[in-house]
Amino acid sequence: MNRRPRILVINPNSNEMITEGLRQALVPLAFAEGPEIICESLPEGPAGIETQEHVESVSLPLRRRVEAANDVDAFVIACYSDPGLHVAREGTRSPVFGIAECGVLTALTRADRFGVIAIKSRSIPRHIRYLRQMGLMDRLAGERPLEMSVAESATGEGTLQRMIAIGTELRDLDGAGAIVMGCAGMARHRRPLEDALGIPVIDPTQAAVAMAIGTIMVR
């Protein structure tokens with residue numbers, strides 16, 4: 001391959017503030033000899049993926065975006081509901097990584113049982129259904145909500161303190177040995193949250209991009 005490999009990280013909502021947060025969170029994974037990491041929003045997407053309707057609405061636009069990108073070596077769908085993951089995989093020969101799948105798999109390497117911080121209560125049944133499909137319910141310590149929107153999880157006043165409170169409950173009451181942040185918008189809070197809790201905190205977008213880099217570099 002003559003050109004530099006390329007990873008396209010697609011934020012399936014249209015909120016540019018979230019996408020910029022992803023760019024900043026992925027800076028530590030960029031290196032001169034490594035793949036180029038590009039982050040973009042999905043213009044057709046809602047402001048945040050917060051319901052099953054939102055999940056379904058972006059599946060085909062994601063498929064079309066993947067099909068149109070002929071110069072991409074790996075894709076990352078940056079939403080913790082992994083919208084359109086399987087239909088997108090059908091549309092390309094390049095690997096497509098979902099951040100929920102990658103975030104949970106990474107957490108399993110750091111602790112026996114993990115907890116998830118969700119944005120809202122109504123997100124949890126969707127996440128539980130997905131974990132059940134993955135056959136990982138025995139490893140889930142618990143999932144608790146912030147009761148915030150996607151945008152608020154990124155920049156809302158007091159978001160980090162709320163995440164520390166929920167993470168403490170997952171650790172102390174539910175027995176979680178690692179925490180998965182259940183929304184791409186939470187990316188900027190990973191390090192201070194880990195410092196406060198004293199257990200591994202997984203940013204699922206970082207986990208997915210790390211897997212994409214590994215896949216590309218060893219092929």
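**Cavities, pockets and cores**

Analyst: Let me start with the lining of the largest cavity: nine residues are nonpolar, seven polar and one charged. Here Ala, Val, Leu, Ile, Met, Phe, Trp, Tyr, Cys and Pro count as nonpolar, Asp, Glu, Lys and Arg as charged, and the others, Gly among them, as polar. This is a predicted model, where local features need pLDDT of at least 70, side-chain atom pairs count only at pLDDT 80 or more, and totals for chains, interfaces and linings use all residues. Residues are numbered from 1 along each chain as its sequence is written, and side-chain values use heavy atoms, with hydrogens and water left out.

User: What counts as a cavity, and what as a pocket?

Analyst: Both are found on a 1 Å grid over the protein atoms alone. A cavity is a set of points where a 1.4 Å probe fits but cannot get out. A pocket is an open set with protein on both sides within 12 Å along at least five of seven lines. Lining residues have an atom within 4 Å of a point. Grid points are joined across faces, edges and corners, and a volume is the space filled by probe spheres set on the points.

User: How many cavities of 30 Å³ or more are there?

Analyst: Two. The largest has a volume of about 120 Å³. It is lined by 17 residues, and Ile 49, Cys 79, Tyr 80, Val 150 and Cys 183 are the closest to its centre.

User: And what lines the second largest cavity?

Analyst: Tyr 80, Ala 100, Glu 101, Val 104, His 127, Tyr 130, Leu 131 and Met 134. Helix H4 (99-108) and helix H5 (124-134) each give two or more of them. Helices (H or I, at least four residues) and strands (E, at least two) are DSSP runs, numbered from the N terminus. H5 supplies the largest share, four residues. The lining has six nonpolar residues, one polar and one charged. The space is about 30 Å³.

User: Switching to pockets. Which residues lie nearest the centre of the largest pocket?

Analyst: Val 55, Ser 81, Asp 82, Tyr 130 and Gln 133, out of 16 lining residues. Helix H2 (52-68), helix H3 (85-89) and H5 each contribute two or more. H5 has the largest share, with five residues. The pocket's volume is about 300 Å³. Its lining splits into five nonpolar, seven polar and four charged residues.

User: What about the volume of the second largest pocket?

Analyst: About 190 Å³. Its lining includes Pro 28, Arg 110, Arg 190, Glu 194 and Asp 203. Helix H8 (190-197), strand S8 (201-202) and helix H9 (204-217) each give two or more residues. Six lining residues are nonpolar, two polar and four charged.

User: OK, Glu 40. Buried or exposed?

Analyst: Glu 40 counts as buried because its relative accessibility is 19%. Buried means under 20% relative accessible area, exposed over 50%, partly exposed in between (1.4 Å probe, protein chains only). Glu 40 sits in strand S2 (residues 36-41).

User: What does Glu 40 touch?

Analyst: Leu 8, Val 9, Ile 10, Asn 11, Thr 19 and Arg 65, not counting residues up to four places away in sequence. Contact means heavy atoms within 4.5 Å.

User: Last topic. Which residues in the largest nonpolar core touch the most other members?

Analyst: Ile 7, Val 9, Phe 75, Val 76 and Phe 114, in a core of 50 residues. Another core, of 21 residues, lies apart from it, with Ile 117, Ala 154, Met 163 and Cys 183 among them. A nonpolar core is a set of buried Ala, Val, Leu, Ile, Met, Phe, Trp, Tyr and Cys residues joined through side-chain atoms within 4.5 Å.
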